[in-house]
Amino acid sequence: MASESRIESDGLFNAAEVTTSGRPVLRRNEVECFLLSSVDLDSEDDPPRFASLRSGNLILTTHRLIWIPSSQPNASLPSSLPLSSITHIFSHKKSIKSMFHSPRIRFQVDSVVVVTVVFRGKGDFDGFLAKLWECWRGRAWEEDEKSESEASSGSGGGTVAQGLYGNDGTVRMVGLAGILRKEQEQWESTDKSLQDAFQDLNALMSKAKEMVSLAEKMRQKLLSAPSSQNGGGDDEEMGSKEEMQQWMLSVGIISPVTKESAGALYHQELSRQLADFVRIPLEQAGGMISLTDMYYHFNRARGTELISPDDLWQACNLWEKFDVPVMLRKFDSGVKVIQNKSHSDEEVMSRIRTLVTKTETLRTGVTASDAALTLKIAPAMAKEHLLSAETKGLLCRDMSPDGLRFYFNLFPEIDPTDLHLVKDFGTYGEWVKATSLLSV
């Protein structure tokens, strides 16, 4: 298991790593199970054994309790507590006194420190408590330690089973829509696992841990791979990376945000997870992708945990509240897209201007497909940029039986007092030369 730095004076809590959108970075085989907002973590000892953590989101996973401050700035940093360090969870007894204060859970850590979890917001307290007992008793981290031990000793050949068991002893499935093969030597064992899994439903469930582990390893390899710093990179290596990115979109999200786990914070956490997910699709699409395409990619990655178009729309609209590198945009035509904030319209307009002022395109104009090849984006997105360039006066359109074409707008260079004056300079002069070549 990866080590984490201690952030409290008594060494009770670990530093929790979060994404740029504020979502927790989950470890291999770790699955998010429940989330509650407006939660405090206090010490029952006098004097307190650790500094209190105030007003944050508490996320329960199969391996940890993760506390993330819900507002910035906040004096406290994202913190985590391994479930393996909890030695006892005190029974929750309802009394007349408990009716007049916020719900709370008490548990003991390392048989020394008693931590009180105080819920000051709205949420399913009983559901969280039941899930905490389930994850603590499930002891998923012991499966990881056992698997790592077998792998290091060489006794566990092939793919190692990982994952979380449910109350009935079966393996809990997560949102996984596809299977990746990591290395060529794993092909035979993976293929055999798939054949066995599809014989019946029970066999499929028993192989779920292998699928999740294999997909997560491939995801980590892709995200950790350094990008090429020069244009002379090996073509085979670059092709392999692009192929891995395509596979990545089919793998799925290991721990998708659900209404059951996130409760009232569903759309907020869905928004953060979507902001993290869109990075690779946006890189492939040239910094901009249609909302329809993203809906397809995101739902494919979530597997059985599908979201509705309304959920996606609400999640995207919440990006304005978060410091994330992506944004939602609506063109004048009504087309909605997701784009990187670093995506520059000025740079796109400059590239379009360069395209339409070439000798050949001055004569023939350009189509959306032509612009798509230059901008390295989808034709539908290229058309929106051409229409935007037309609105700004850079282009003129021509509708013909052959379809819609765009030409460089020469009207600003025409002298209205002498319409028959033929200029031999500027873009107008280049257009005259180009059309003269056409008539020869």
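Trainee: Glu-142, is that buried or exposed, or in between?
Mentor: Glu-142 is partly exposed, with a relative accessible area of 38%. Keep in mind that this is a predicted model.

Trainee: What does the side chain of Glu-142 meet?
Mentor: Arg-139. The two side chains meet in a salt bridge, 2.6 Å from N to O. Arg-139 is partly exposed too, at 30% relative accessible area.

Trainee: Why would two such side chains pair up?
Mentor: Opposite charges can pair when the charged atoms come close.

Trainee: How many salt bridges are there?
Mentor: The count comes to 14. One of them is between Asp-40 and Arg-54, at 3.3 Å from N to O.

Trainee: Which parts does that pair tie together?
Mentor: Asp-40 lies in strand 2, residues 32-43. Arg-54 lies in strand 3, residues 53-61. So the pair ties together parts 14 residues apart in sequence.

Trainee: And is Asp-40 buried or exposed?
Mentor: Buried, at 4% relative accessibility. Arg-54 is partly exposed, with 40% relative accessible area.

Trainee: How accessible is Glu-360?
Mentor: Its relative accessible area is 44%, so Glu-360 is partly exposed. Arg-363 is partly exposed as well, at 23%.

Trainee: New topic. What order do the strands of the open sheet take?
Mentor: There are eight strands, in the order 1-5-4-3-2-8-7-6, with antiparallel pairing.

Trainee: Which are the edge strands?
Mentor: Strand 1 (14-15) and strand 6 (86-89). Each pairs on one side only.

Trainee: How many bridges join strand 7 to strand 8?
Mentor: Six. Strand 7 covers residues 104-109 and strand 8 covers residues 113-119, and the two run antiparallel. Arg-104 stands opposite Val-118 in strand 8.

Trainee: What about helix 8, how many of its residues are buried?
Mentor: Nine of the twelve, so helix 8 is largely enclosed by the rest of the structure. Among the buried ones are Tyr-266, Leu-270, Leu-274 and Phe-277. Glu-269 and Arg-272 are buried as well.

Trainee: Which residues are linked in a network with those last two?
Mentor: Arg-23 and Glu-32. Together with Glu-269 and Arg-272, they are linked in a network of salt bridges.

Trainee: Last one. What span should helix 8 have?
Mentor: At 1.5 Å a residue, its twelve residues (266-277) should span 16 Å. The end C-alpha atoms are 16 Å apart, which agrees.

Technical notes
Residues numbered from 1 in each chain as written. Predicted model: local features only at pLDDT ≥ 70, side-chain atom pairs only at ≥ 80, totals over all residues. Heavy atoms only, no water. Pairing = 2+ DSSP bridges. Helix = DSSP H or I, 4+ residues; strand = E, 2+ residues; numbered from the N terminus. Expected span 1.5 Å × (residues − 1). Buried < 20%, exposed > 50% of the residue type's maximum accessible area, 1.4 Å probe, protein only. Salt bridge = Lys/Arg side-chain N within 4 Å of Asp/Glu carboxyl O.
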